[in-house]
Amino acid sequence: MALLDVKGLTVEYVSVGQVNHAVNDISFHVEAGEVIGIVGESGSGKSTAMLGVLGLTRAGARIAGGSVVFDGSDMLKLSDDDARKIRGAKIGLVTQNPRGALNPVMRVGAQIEKVYRSHNEVTEEQAKARALELLQIVGINDPERRLQAFPHELSGGMAQRVLIAMALACSPKLLLADEPTSGLDVTVQAQVLDDLRAAVTSVGSSLVLVTQDLGIVANYCDRVYLMHAGEIVEEAPTEAFFSRPAHPASAALLLAQRRGEGADEFKLRGFPIDGRRLPPGCWLHPRCPFVDEAAGCRTQHPDLYEAGAGHVSRCHRFGHVQSKLAALLAGDTGKKTAVNQPVMAESGGEGDGDN
């Protein structure tokens, strides 16, 4: 049985009589010890889905359906008290914007200790020792001094590491990391992600990385889920996702930085779909370069079709997408493209001031 099994999760925002369908009937799973990536453009529902996994919503939102079974318990059916015992203790969350997530008037060490003591009956000395250990695990130099620092005294990279330390305080079985390196320069991103993966491995946790950066996915994830308009439109092992994407949105993302003949054929037109006005048929069809009347793109919402081993795509024409991309790549003469060579910058340097 999967550590996390999400089925049919639906989250809506309701305002002035309008319903914004932010997350639409999504299903995914995470195995023990696995790292998965959830990718998609801004507004595709990634962050809202992660809050839904925890049984939480932002103001004005509601969980309208589905189940979130974590370690045998459905998070959406638990009482508030029982759910709080899981959040932080068994499921950790690393949010975007570390400076906004940290208490500006509380020392870093005290914040980590508070998280640890809220789920464990320990002495003050034991909590302090755990906070020091966690800062060492996430790669902060001179951790004794950093424990006494206030958030404004930390660099962006160190603040992000502190959030990761807090999320790992109780050795959770699952860590949800929502854009954990947003706002950091590329070198610091690589450092933080390397430390995050090492820290997760050290406590034996599974990891969900929510990101728009395909380089992160290529380097750190075992499987990939692509979201568009609040639904999952492709799932694939990482290698297959980069070598044979089976959805137009995936191909467009992978080729976004490519310069050369043929890449323009895969570009999406217009703006992201408004969740308050979902079109008939495939929700990508107003922007899709491969839309076809005969295939039902404009009239029939597609199911998830099998596109390979462990690989599914919500596209009526997934085979056509794969073959067109294969033909484009076959025309390369040994060039490295964004499709098969997404990489992060090498670790190293002192960009976040930790050294």
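Helices here are DSSP runs of H or I with at least four residues, strands are DSSP runs of E with at least two, and both are numbered from the N terminus. Keep in mind that this is a predicted model, where local features need pLDDT of at least 70, side-chain atom pairs count only at pLDDT 80 or more, and totals for chains, interfaces and linings use all residues. Residues are numbered from 1 along each chain as its sequence is written, and side-chain values use heavy atoms, with hydrogens and water left out.

Let's start with arginine 314, which sits in the loop between strand 12 (311-313) and helix 12 (318-330). Is arginine 314 buried or exposed? Its relative accessibility is 14%, so arginine 314 counts as buried; the cut-offs are under 20% relative accessible area for buried, over 50% for exposed, and partly exposed in between, with a 1.4 Å probe and protein chains only. Leaving aside residues up to four places away in sequence, arginine 314 touches Glu231, Ile232, Val233, His247, His301, Pro302, Asp303 and Leu304, where contact means heavy atoms within 4.5 Å. One of these, histidine 301, is 13 residues from arginine 314 along the chain, and their C-alpha atoms are 8.6 Å apart.

Now over to helix 4. Its buried residues are Val108, Gly109, Gln111, Ile112, Glu113 and Tyr116, and the cover over them includes helix 5, helix 6 (143-146) and helix 7.

Take helix 7 to begin with. Helix 4 (residues 108-119) packs on helix 7 (residues 156-167) at about 20°, and the axes are 9 Å apart. Those axes are lines fitted to C-alpha atoms, for helices over the stretch in contact, and angles run from 0 to 180 degrees between N-to-C directions. That angle makes helix 4 roughly parallel to helix 7; under 35 degrees counts as roughly parallel, over 145 as roughly antiparallel, 65 to 115 as roughly perpendicular, and the rest as oblique. Val108, Gln111, Ile112 and Val115 of helix 4 meet Val162, Ala165 and Met166 of helix 7. By class, that contact has six nonpolar residues, one polar and no charged. Here Ala, Val, Leu, Ile, Met, Phe, Trp, Tyr, Cys and Pro count as nonpolar, Asp, Glu, Lys and Arg as charged, and the others, Gly among them, as polar.

How do helix 4 and helix 5 lie relative to each other? The axes of helix 4 and helix 5 (residues 124-137) come within 9 Å and cross at roughly 115°, so the two are roughly perpendicular. Helix 4 passes helix 5 in a right-handed crossing too. On the helix 4 side the contact uses Gly109, Ile112, Glu113, Tyr116 and Arg117, while helix 5 brings residues including Glu124, Lys128, Arg130 and Leu134. This contact divides into six nonpolar, two polar and five charged residues.

Aspartate 71, in the loop between strand 4 (61-70) and strand 5 (73-74), has a positive phi near 50° without being glycine, and is partly exposed at 35% relative accessible area. Glutamate 179, in the loop between strand 7 (174-178) and helix 8 (186-203), has a positive phi near 45°, but is buried at 12% relative accessibility.

Definitions and conventions:
Left-handed = near helix turned anticlockwise from the far one by under 90°.
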